[in-house]
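Trainee: I am new to this structure and would be grateful for a close look at a single part of it. Please begin with one residue and its surroundings, and then connect that part to the rest of the chain.

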Amino acid sequence: MCIGIPGQIVALHEQHSDHAWAEVCGLRREVNIALVRGDSREALLGSWVLIHVGFALARLNEQEAQETLAALHAMEELEADVALFLAGER
């Protein structure tokens, strides 16, 4: 099963213009923003995006992001893979 995880863009990568840092379940992850950045990558700061395998695939509004996170946390009790991802696979 493929899962897209909502994350919030919290910082822009200094060396790579197509990369940013997203907070996902309390952890910061580097993501490729080429598919969602538009003309101004600065406009992405604070935005919610749907992330899959390190790529931001789509923008989400905060309500969509929170609803998706709630559903994933509910799945965490049933699916070991989801639980590992949400825990950050430390």
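Mentor: Leaving aside neighbours within four places in sequence, Ile51 is in contact with Ile3, Gly4, Ile5, Gly7, Ala22, Val24, Val31 and Ala56. Contact here means heavy atoms within 4.5 Å. The model is a predicted one, in which local features need pLDDT of at least 70 and side-chain atom pairs count only at pLDDT 80 or more, while totals for chains, interfaces and linings use all residues. Residues are numbered from 1 along each chain as its sequence is written, and side-chain values use heavy atoms, with hydrogens and water left out.

Ile51 belongs to the largest nonpolar core, which has 14 residues. Ile9, Ala22, Val31, Ile33, Val36, Val49 and Ile51 are the residues with the most contacts inside this core. Strand 1 (5-12), strand 2 (19-24) and strand 4 (48-52) are the elements that give two or more residues to it. A nonpolar core is a set of buried Ala, Val, Leu, Ile, Met, Phe, Trp, Tyr and Cys residues joined through side-chain atoms within 4.5 Å. Buried means under 20% relative accessible area, exposed over 50%, and partly exposed in between (1.4 Å probe, protein chains only). Strands (E, at least two residues) and helices (H or I, at least four) are DSSP runs, numbered from the N terminus. In soluble globular proteins, nonpolar side chains tend to be buried together.

Strand 1 and strand 4 run antiparallel and are joined by 4 bridges, with Gly7 opposite Val49 in strand 4. Two strands pair if DSSP finds at least two bridges between them. Strand 1 also pairs with strand 2 in the antiparallel sense, over 4 bridges, and Ala11 stands opposite Trp21 in strand 2. A hairpin with 6 residues joins strand 1 to strand 2. On strand 5 (55-60), the bridge partner of Val49 is Arg59; strand 4 and strand 5 pair in the antiparallel sense over 5 bridges.

Ser47 lies in the loop between strand 3 (27-32) and strand 4. This residue counts as buried, at 17% relative accessibility. Not counting residues up to four places away in sequence, Ser47 touches Gly7, Gln8, Ile9 and Arg59. Ser47 and Arg59 are 12 residues apart in sequence, and their C-alpha atoms are 7.3 Å apart in space.

At the other end of strand 4 and strand 5, attention turns to their loop, where Val53 lies. The hairpin of these strands has 2 residues between them. Val53 has a positive phi of about 45 degrees although it is not a glycine. Most residues other than glycine have a negative phi, and most peptide bonds are trans. Val53 is exposed, because its relative accessible area is 66%. Together with Leu35, Phe55 and Leu57, Val53 makes a nonpolar surface patch of about 410 Å². Patches are made of residues with over 30% relative accessible area and no salt bridge; like charges are joined within 9 Å, and nonpolar side chains (Val, Leu, Ile, Met, Phe, Trp, Tyr) within 5 Å. Accessible areas come from the Shrake-Rupley method with a 1.4 Å probe, and for residues only the protein chains shown count as cover.

The structure holds 1 salt bridge, in which the side chains of Arg37 and Asp18 meet at 3.2 Å, N to O. The pair links distant parts of the chain, 19 residues apart: Arg37 is in the loop between strand 3 and strand 4, and Asp18 is in the loop between strand 1 and strand 2. A salt bridge is a side-chain nitrogen of Lys or Arg within 4 Å of a carboxyl oxygen of Asp or Glu. Arg37 counts as partly exposed at 21% relative accessibility, and Asp18 likewise counts as partly exposed, at 31%. Side chains of opposite charge can pair when their charged atoms come close.

Finally, the chain as a whole. The protein chain has 2 helices and 5 strands, and its elements run β-β-β-β-β-α-α from the N terminus on. Of its 90 residues, 30% count as buried. The chain exposes about 5,600 Å², of which carbon and sulfur atoms supply 51%. Among contacts with a separation of 6 or more, 40% are between residues 24 or more positions apart.
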